[in-house]
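Colleague: Please take me through the core and the cavities. I will ask for the rule behind each label.

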There are 2 protein chains.
Amino acid sequence: MSDQDKKPPTKFGVVLFPGFQALDVFGPLDALNNMSRTRPLEFVILAATLDPVSTKVDNPGDNPGQIGQSVVPTHTFDTCPEDLEVLLVPGGFGARDPATTAPIVEFLKRIFPKLRHLLTVCTGSAIVAQSGLLDGRRATSNKRRWEWAASQGPAVHWVREARWVVDGNIWTSSGVSAGIDLIFAFIADQYGEETAKQLADIAEYVRNPDSSVDSFA
Amino acid sequence: MSDQDKKPPTKFGVVLFPGFQALDVFGPLDALNNMSRTRPLEFVILAATLDPVSTKVDNPGDNPGQIGQSVVPTHTFDTCPEDLEVLLVPGGFGARDPATTAPIVEFLKRIFPKLRHLLTVCTGSAIVAQSGLLDGRRATSNKRRWEWAASQGPAVHWVREARWVVDGNIWTSSGVSAGIDLIFAFIADQYGEETAKQLADIAEYVRNPDSSVDSFA
């Protein structure tokens with residue numbers, strides 16, 4: 001049975017790590033939260049441990065005045081439900097720390113074959129690229145960290161000028177707010193354009209509807 | 001000394017309550033988080049208790065399949081630092097529960113005279129309206145909950161067609177994603193347009209730059 005023959009997904013999850021970018025996560029999740037009021041969903045928040053995860057990196061170094069917020073995980077990478085269907089991987093400053101991304105890369109290698117869709121925002125695609133899962137696929141990433149992100153996957157067909165890119169079951173978006181356009185495109189694809197339009201209207205969000213238009217490239 | 005003579009604010013806070021709207025909070029905070037990497041800030045997350053606060057309402061009722069995420073407060077309303085300068089009040093489904101908003105209304109009455117600026121997103125303006133602080137001022141709110149929001153402050157000069165409204169030191173925005181435009185407008189006003197532009201570029205966010213243009217009104 002192809003994915004198109006299946007019902008739209010209902011089991012979502014997100015990966016968190018110290019130094020994740022808040023809007024990478026909560027842009028897409030706000031739309032999913034709203035959708036779940038009329039279409040029941042399941043949702044897991046995955047991290048290395050069950051301790052709250054901050055948008056601040058563990059060692060702020062030159063940024064002692066950096067502020068952040070902490071979100072509570074529901075599962076660790078080891079206890080992730082095996083029937084997860086859609087996984088969102090955000091970016092952020094923490095994505096540049098190999099010690100932070102190593103357990104995520106291992107988790108992605110293990111879980112990806114079971115997923116129906118993998119979505120990334122910003123430098124989340126660099127983490128996925130490290131796992132090798134994007135090799136031979138088209139993908140995009142944050143424009144401010146483009147050279148670094150692209151260097152994480154030399155065998156990836158990086159598309160610089162794109163709000164988001166879809167290749168098979170991997171959806172990658174450009175930086176930060178582009179994740180909002182990505183989730184509405186994903187919702188339109190899976191649940192129909194009318195559902196996406198309703199949810200964007202609820203959020204009073206002016207969509208960037210063309211994936212190839214990118215004023216930040 | 002007028003506010004214009006003072007240095008730009010550095011002490012920010014946000015009010016959380018069960019059933020807050022995720023993007024109301026993390027749209028603005030993402031920009032502040034980014035700004036704090038180059039301009040040191042202080043930030044408090046305020047709630048009735050120090051327990052993590054979910055975007056889900058406490059009693060989902062007809063929405064058992066509703067999903068949400070929980071954020072960790074740093075202070076209660078009672079322990080809020082007295083030198084707080086800027087407070088953000090989000091909206092969300094929880095804003096419609098008087099038991100949820102009652103302690104926030106009391107807190108707002110107490111803290112507002114000490115604040116330099118009060119910012120609201122979505123139905124956050126309805127909570128502030130309940131406190132009487134918007135009486136005689138111009139303000140806007142969420143368009144899907146307009147009649148309810150407006151009814152919370154009969155003495156408020158509600159402006160329906162607006163992405164955001166500034167009246168004195170109270171900045172109110174329309175629904176959900178409008179808070180992102182509000183924060184960039186606030187940053188432009190307080191720290192300069194160049195700072196706002198840089199932060200919007202980092203977030204790859206296409207601003208809605210005119211506060212009077214509102215396609216959702």
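Modeller: Of the 139 residues in the largest nonpolar core, A:L87 and B:L87 touch the most other members. This is a predicted model: local features need pLDDT of at least 70, side-chain atom pairs pLDDT 80 or more, while totals for chains, interfaces and linings use all residues. Residues count from 1 along each chain as written, chains are lettered from A in written order, and side-chain values use heavy atoms, without hydrogens or water.

Colleague: What makes a set of residues a nonpolar core?

Modeller: Its members are buried Ala, Val, Leu, Ile, Met, Phe, Trp, Tyr and Cys residues, joined through side-chain atoms within 4.5 Å.

Colleague: Which residues does B:L87 touch?

Modeller: Among them are B:V14, B:L46, B:F107 and B:I111, not counting residues up to four places away in sequence. Contact means heavy atoms within 4.5 Å.

Colleague: Why does A:T195 count as buried?

Modeller: Buried means under 20% relative accessible area (1.4 Å probe, protein chains only). A:T195 has 15% relative accessibility, so A:T195 counts as buried. Beyond four places in sequence, A:T195 touches A:M35, A:R39 and A:I187.

Colleague: What makes a space a cavity?

Modeller: On a 1 Å grid over the protein atoms alone, a 1.4 Å probe fits at its points but cannot get out. The count is 5 cavities of 30 Å³ or more. The largest cavity holds about 50 Å³, a volume being the space filled by probe spheres set on the points.

Colleague: Which residues line the largest cavity?

Modeller: The lining includes A:L23, B:D30, B:F184 and B:Y205. Lining residues have an atom within 4 Å of a point.

Technical notes. 1 Å grid on protein atoms, 1.4 Å probe; cavity = no way out; pocket = protein on both sides within 12 Å on 5 of 7 lines; lining within 4 Å. Buried < 20%, exposed > 50% of the residue type's maximum accessible area, 1.4 Å probe, protein only.
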